[in-house]
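Visitor: I would like to learn how to read a structure like this one. Where should we begin?

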Amino acid sequence: MKRFVCLFCLLLAACAAPPPEPTATASPPPPVTPSPLPSATATEEPSPTPIPISAVCSPLGGHSFQALLGYISQGFSPPPSSSNWDGGHHGLDFAYYQRNDPGGFGGHIEGAPLQSVLDGYVAGLGYASIYGHYLIVETPWAQLPPGLAALYSVAEGQSAYVMYAHLQEEAPFVLSEPLDCGQMVGQVGATGDAFFVVEPHLHFELRVGASGLRLAAMTYYGAQDSPAEQEEYRRWRNSLEFLLHDPLPLFNFGAAENLD
Ligand SMILES: [Zn+2]
């Protein structure tokens, strides 16, 4: 009987002996298996957040690009020389509904809703004597329709900057705020110094330059304009960072894309 008990005890001892081993083998796996997993998910992170390519939307609510081509009241003309860097007309102006009517000018577009032409981010907003209330929207290269990026030679690391000027009121946004194509950004007005603005119209300006511009307050011709404001104005208008382009090809591009 004693022998039988002893054998049983030996069996118990033999069974009790292994437990320490599993704890020894259990500890190594955790560091081995979790470490490859996070690195695998980290490398996959960029794929779930692709930046969608923007559509191209008419800047005037309810009016197609095709119609807008008939509302141009002043065309684009670049500065006549490097010394007269602020001369010429740096954008396209739209003032009338039916400028090409045989009977003369049609309705004014004062108060018409303005829309963002592309997806993007607020790169500048404020009031300048020459622009009135203005808004600048940046669209990085990755979000530009490829045809439009090619049209204006926008390269990786660069953005297209679209300015809407003479808005009726202060643009209701903050710097870096994201905007969608077609989102309302204001209304056509006649704000700005009377020397520069004789009638309500949209001044539409297009520049291409390094991504990430966040323009501080800019203005130049007012008596109270500070040196810092004047420097920002020159940066936007005259620096080689933001090259001026004729916006008309964009409107032709939009008219071809949106045949409505
Ligand atoms: Zn203009």
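Guide: Begin with burial. A residue is buried if 20 or more other C-beta atoms lie within 10 Å of its own. This is a predicted model, and in it 7 of the 9 residues of strand 9 are buried, so strand 9 is largely enclosed by the rest of the structure.

Visitor: What share of the residues of the protein counts as buried?

Guide: Of its 260 residues, 32% count as buried. The protein has 8 helices and 10 strands.

Visitor: How far should I trust the coordinates?

Guide: Where pLDDT is low, the predicted coordinates should not be read in detail. Here the mean pLDDT is 84, and 77% of the residues reach 70 or more. Residues 1-41 have a pLDDT below 50, and beyond near neighbours in sequence this stretch has 0 contacts in the model.

Visitor: Which strands pair with strand 9?

Guide: Strand 6 is joined to strand 9 by 8 bridges, and the two run antiparallel. One of the partner pairs is alanine 160 with valine 208 in strand 9. Strand 10 is also antiparallel to strand 9, with 4 bridges between them; arginine 207 has leucine 244 of strand 10 as its bridge partner. Strand 2 pairs with strand 9 as well, over 4 bridges in the antiparallel sense, and there phenylalanine 94 stands opposite leucine 202.

Visitor: What is the bridge partner of isoleucine 72 in strand 2?

Guide: Phenylalanine 94 is that partner. Strand 1 (residues 72-74) and strand 2 (residues 91-94) run antiparallel and are joined by 2 bridges. The loop between strand 1 and strand 2 holds proline 80.

Visitor: Is proline 80 buried or exposed?

Guide: Proline 80 counts as exposed, because it has 10 C-beta neighbours inside 10 Å. Leaving aside neighbours within four places in sequence, proline 80 is in contact with Gly87 and Gly88.

Visitor: How do I read a nonpolar core?

Guide: In soluble globular proteins, nonpolar side chains tend to be buried together. In this model the largest nonpolar core has 51 residues, and those touching the most other members are Phe94, Tyr134, Leu135, Ile136, Val137, Val162 and Tyr164. Strand 6 (residues 158-167) gives the largest share of this core, 7 residues. Take valine 162: apart from neighbours within four places in sequence, its contacts are Val117, Leu118, Val137 and Leu206.

Visitor: And how do I read a helix with some residues buried?

Guide: An α-helix has 3.6 residues a turn, so residues three or four places apart point the same way. In helix 8 (residues 248-257), the buried residues are Leu250, Phe251 and Gly254. Seen down the axis of helix 8, these fall within an arc of 100°, so they line one face of the helix. Their cover includes helix 5 (65-68), helix 6 (146-151) and strand 9 (202-210).

Visitor: Which residues of helix 7 are buried?

Guide: Glu232, Tyr233 and Trp236 are buried in helix 7. Down the helix 7 axis they fall within an arc of 105°, so they line one face of the helix. Strand 4 (120-128) and strand 10 (242-245) are among the elements that cover them. Helix 7 (residues 227-238) has 12 residues and reaches 15 Å from its first C-alpha to its last, close to the 16 Å expected at 1.5 Å a residue.

Note on methods. Residues numbered from 1 in each chain as written. Predicted model: local features only at pLDDT ≥ 70, side-chain atom pairs only at ≥ 80, totals over all residues. Core = buried A, V, L, I, M, F, W, Y, C linked by C-beta atoms within 7 Å. Buried ≥ 20, exposed ≤ 12 C-beta atoms within 10 Å, placed from the backbone. Contact = placed C-beta atoms within 7 Å. Arc of directions from axis to C-beta. Pairing = 2+ DSSP bridges. Expected span 1.5 Å × (residues − 1). pLDDT = per-residue confidence, 0-100.
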